[in-house]
Amino acid sequence: MSSRDGDTDHREREPLWIFERQYSRQDLLRGATAAVAFSGLSGVLAACGGDEQSASPATSDFTPSGSVTFWNHDFPTYTEPLRSLAAEYTATYDVAVEHTEIPYEQFETKVITAASGGSGPDIYKIGSWSFANLASKGLIAPVDLGAVGVASLEDLEARYDPGVLEGFTYEGELYGLPVDLNNQLLWYRRDLFEEAGLDPDSPPATWEELIDYAAKLTTRDSSGKTTRAGFLWWYGVPIFDVLYMISIVEAFGASFLKDDSGGLNTPEGIEAIQFYADLSLKHRVSDPTLSDPLGPNGLLARGRAAMTINGAWVQSEVESVNREMELGNTYDVAPHPRFAFEQEPVVGGYSWGYAVNANSDNQQTAWHFTNHLQSPDAASRILQASTFVTPIAEWKDLSGAENEGIQLMADQVPAMDYGPALPQWNEFAKALDDALQSVVVGNATAADAAERYDQAIARAVKS
Amino acid sequence: MTHLTAVRRSRRRLAGGHDHTPSPLETAQRRWGIAFAAPVIVYLGVFWIYPFFLAVYYSFTNFDLIQADWIGASNYEFLGEDPSFHNSARVTLWFVLGALVPTTVIALLLALPLSRPGHSSTLFRSLFFLPAVLPLVAAAILWKVIYATDGLANTLLAHVGLDRIDWLTSPGVALWSLVIMVVWRDLGFFLIIFVAGLQTIPQTLYHAASIDGSRHVRTFLWVTLPLMRRTLLFVVVIGTIGAMQSFVPAYILTLGGPAESTQVLPLYLYINAFQFTNMGYASALAVLLFVVLVSLSLFQFRILRTKW
């Protein structure tokens, strides 16, 4: 998830690819006709529908019409293939696709306020962590199986890697289709490894090894300040705290949640928090005082950090900061470290997904267009342009998947865990971040932090 | 009726005279006055007054952008128990003091020489005002780069042989880093206001003080400062309101961290409203902020009261 600014070159326009809201009369008339027809059709369908995932007529009976609007957060290398795919959809089905990019920092706020106000686009690209919240409020619509060309949920699940759709499921109903898949990898500087006398072809496989390597890689100035951290967390960003702690909490046998409250105020949970904090407090191989506008990715690129953990999208960021960064040469990627005592390690992961606005009056076409973005051809083009992995079943065989980082990510998919899916996800992530940071800066012990976390979760669930 | 007659009638009426019949001129003036004021009144009503009362209502509910059930004063009761709110209140108090006092003092002291006519005064006034022209978000992003470990600030420190400062990542320093940014941005604006105020002070008073043997400090304390009370009041009031409502620096530079050490009240309000969708509690925070600001403003008016 990059925070870089979006692509601002909107001058080139494909037919019916609209950035400004300029519709022809025919478009409006067509859209209005489709909306009226759809309203009648959906009324009939609603009368026929039961409690199961919606099953409208199969794709062969469904013709998309009208227009769809689509919001996603800015990421330039993703926008380019998206535009061409949208243009092809328009040319094939005569459906206008209006696309808006929104800066990442504003994106969630804009989505929640638009959705709750009954406006917003037909399709959102949102994080897997947001699906439970929006679904619980009835702001997004369940996946229309017919519009995406399947007869059952099982058929749809078979199209993707196992478990991938869990991140978009709330209370047994599927609300989204995946844009991409990300799990955590270890990124490291090969040149700094060599400098420290470490073998760059043997990166640490366990947390114990990582601490040992990081100690050799960490350097300090005469006053004792860290000049290079052997390893660096991305401190103070709640979603990354969740991704890190998914594997650590699982390894120590703790749990984020327990009944309707937090579950970290246990010996295991306290140990997990302490482990996170000890990388800076006890082992002194990580340093929260180092800062860069791009976080640890920027510090890795500048040589201020020798190792960090993040998704495959790190590549585009580090190479944009430092042109000398070359995967396999200056820096490299390795599997997420596990604990030596772990039997079945898990790896934190997340996805971005397409969701359809529950207030959209063209939901079927919206799902149909979303499905268009899930084809092997679309997945391959997106993968080659942006390293985004659309986790369809055959993605590992697609052109572009031979990238080393992506292959490692593929190997980790069976161990991937999205963490808790709850409507109060933001409160959970903030409570976890507050707990971790309070220990790291020395304001609290791990036990105090765990207690405060549990209380915060209990309040969030209760409210 | 002549215009003069109509004016006399309206004056008599204003003075408590017995002529209660409005003249055609008065009636026309009233109608035109209402017509011209109507758009602004409607705008204020729709975008200020109505949302304010709506926020007060929501503060007594559990509104989550979907539904709002009445829960009485529960949100306000929770304010007393919420450790994050207590922390935000403390942080905001320090932030306001840290931003307001130096900005006001430095701006006033700079305004003294820069209020004198001359090309150099105009040039320096323009230079100081430039940061105020920069969009706040752009300024915040700029300072985020300046404050980075390898940013301009630490580079300059290294050049003079000083150690690196953890501007945004040390809990004891981060808030003051935000204060520096805010002072840099607001200084020019306060300076212009003070210059305007100083230029209204008759020079004859300074001449008289000089003849009486008053030196610079005494002249400043006994001539300049008393005559600047109105200007000072205005600056302090709007400065306090601006600092208490400051959101962008904390949001862009630190997101309230490290460890909530820069989580000012507006940011905490935003988190509750738009991340937690806890609109009811956020509304209670907003109402509380409003009450505090009004109280502070009234207090400041009282302290710096002048005859109007």
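The model is predicted: local features require pLDDT of at least 70, side-chain atom pairs count only at pLDDT 80 or more, and totals for chains, interfaces and linings use all residues. Residues are numbered from 1 along each chain as its sequence is written, chains are lettered from A and ligands numbered from 1 in the order in which they are written, and side-chain values use heavy atoms, with hydrogens and water left out.

**Interface of chain A and chain B**

Chain A contributes 30 residues to the contact and chain B contributes 28 residues, where contact means heavy atoms within 4.5 Å. The size of an interface is often given as the accessible area lost when the parts come together. Here the buried area is about 2,700 Å², with 55% given by carbon and sulfur atoms; buried area is the accessible area (1.4 Å probe) that two parts lose on being put together, summed over both. Within chain A, the residues that lose the most area to chain B are K137(A), K225(A) and K430(A), together 19% of what that side buries.

Four salt bridges are found across the interface, a salt bridge being a side-chain nitrogen of Lys or Arg within 4 Å of a carboxyl oxygen of Asp or Glu. In one salt bridge, the side chain of K225(A) meets that of D166(B) at 3.1 Å, N to O.

On the side of chain A that touches chain B, at least two residues each come from α3 (104-116), β12 (226-228), α15 (425-440) and α16 (446-462) of chain A. Helices (H or I, at least four residues) and strands (E, at least two) are DSSP runs, numbered from the N terminus. The most is given by α15(A), with six residues. By class, this side of chain A has six nonpolar, 13 polar and 11 charged residues; Ala, Val, Leu, Ile, Met, Phe, Trp, Tyr, Cys and Pro count as nonpolar, Asp, Glu, Lys and Arg as charged, and the others, Gly among them, as polar.

**Two sheets of chain A**

Two strands pair if DSSP finds at least two bridges between them. An open sheet of three strands runs in the order β15-β10-β16 (chain A) with antiparallel pairing. Because β15 (307-310) and β16 (331-334) of chain A are at the edges, each with a single partner strand, one side of each is left without a neighbour in the sheet. The twist averages 25° from one strand to the next; axes are lines fitted to C-alpha atoms, for helices over the stretch in contact, and angles run from 0 to 180 degrees between N-to-C directions.

Another open sheet of three strands has the order β9-β17-β19 (chain A), with mixed pairing. Its edges are β9 (182-183) and β19 (416-417) of chain A, each with a single partner strand, so one side of each is left without a neighbour in the sheet.

| Strand pair | Sense | Bridges |
|---|---|---|
| β10 (residues 185-189) and β15(A) of chain A | antiparallel | four bridges |
| β17 (residues 347-350) and β19(A) of chain A | parallel | two bridges |

In β19(A), V347(A) has M416(A) as its bridge partner. Helix α8 (residues 238-251) of chain A packs on this sheet and touches β17 and β19 of chain A, its direction making about 145° with that of β17(A).

**Backbone features**

G257(B) and P258(B) are joined by a cis peptide bond with omega about -5°. D94(A), a residue other than glycine, has a positive phi near 60°.
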